[in-house]
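Colleague: I would like to learn how to read a few features of a model. Where do we start?

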Amino acid sequence: VMSISQKAIAALDQIDTEYTAAFWEEVTDDVAPGYSEVIKNPIDLSIIYKKAETDEYKTEKDFMDDLKLLFSNCKKYNKSLNPHLIPVAQSIIDDCANFLQNPNQKENQKEKVKTKK
């Protein structure tokens, strides 16, 4: 049986890193002017990944709460500046939630995608 941390890592591993690239690095005021003023609890996927690797998540809810924080930070800062990032953040939550509900499903989907020509 996979631990919460293993599930979280596996869930993050199946995310499309190109599509979600903006969320894998710390957001600095250089890239996002005024970010530190607007966002009081910054988080990114690299922090979430490290927390999973160091067994900081005790429940799936703890993991999902960090993903929801990532989403709400994104929505708060980007709603007028970069609205295209909001559905990307939502897809991270959706993909991870789906994975947690059915950890074997993603492998099947990947196979289907590969065989469709």
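Modeller: With accessibility. Buried means under 20% relative accessible area, exposed means over 50%, and partly exposed lies in between. Keep in mind that this is a predicted model.

Colleague: Is Asp-55 buried, exposed or partly exposed?

Modeller: Asp-55 has a relative accessible area of 43%, so it is partly exposed. Asp-55 sits in the loop between H3 and helix H4 (60–78). Check its backbone too: phi is near 60°, a positive value in a residue other than glycine.

Colleague: And which class does Ser-72 fall in?

Modeller: Ser-72, a residue of helix H4, is at 36% relative accessibility and therefore partly exposed.

Colleague: What does the side chain of Ser-72 reach?

Modeller: The backbone oxygen of Leu-69, at 3.1 Å. Further along the chain, Ile-39 is 33 residues from Ser-72, and their C-alpha atoms are 9.5 Å apart.

Colleague: Now helix packing. At what angle do the axes of H1 and H3 cross?

Modeller: Angles over 145 degrees count as roughly antiparallel. The axes of H1 (residues 4–13) and H3 (residues 45–53) cross at roughly 150° and come within 8 Å. H1 and H3 are therefore roughly antiparallel to each other. The crossing of H1 past H3 is left-handed.

Colleague: Which residues make the contact?

Modeller: H1 brings Ser-5, Ala-8, Ile-9, Leu-12 and Asp-13. H3 brings Leu-45, Ile-48, Tyr-49, Ala-52 and Glu-53.

Colleague: How many of the residues in the contact of H1 with H3 are nonpolar, polar and charged?

Modeller: Seven are nonpolar, one is polar and two are charged.

Note on methods:
Residues are numbered from 1 along each chain as its sequence is written. This is a predicted model: local features need pLDDT of at least 70, side-chain atom pairs count only at pLDDT 80 or more; totals for chains, interfaces and linings use all residues. Side-chain values use heavy atoms; hydrogens and water are left out. Axes are lines fitted to C-alpha atoms, for helices over the stretch in contact, and angles run from 0 to 180 degrees between N-to-C directions. Helices (H or I, at least four residues) and strands (E, at least two) are DSSP runs, numbered from the N terminus. Angles under 35 degrees count as roughly parallel, over 145 as roughly antiparallel, 65 to 115 as roughly perpendicular and the rest as oblique. A crossing is left-handed if the near helix is turned anticlockwise from the far one by less than a right angle, and right-handed if clockwise. Contact means heavy atoms within 4.5 Å. Ala, Val, Leu, Ile, Met, Phe, Trp, Tyr, Cys and Pro count as nonpolar, Asp, Glu, Lys and Arg as charged, and the others, Gly among them, as polar. Buried means under 20% relative accessible area, exposed over 50%, partly exposed in between (1.4 Å probe, protein chains only). A polar contact is a pair of N or O atoms within 3.5 Å; within protein, one must be able to donate a hydrogen and the other to accept it, and residues adjacent in sequence count only if both atoms are side-chain atoms.
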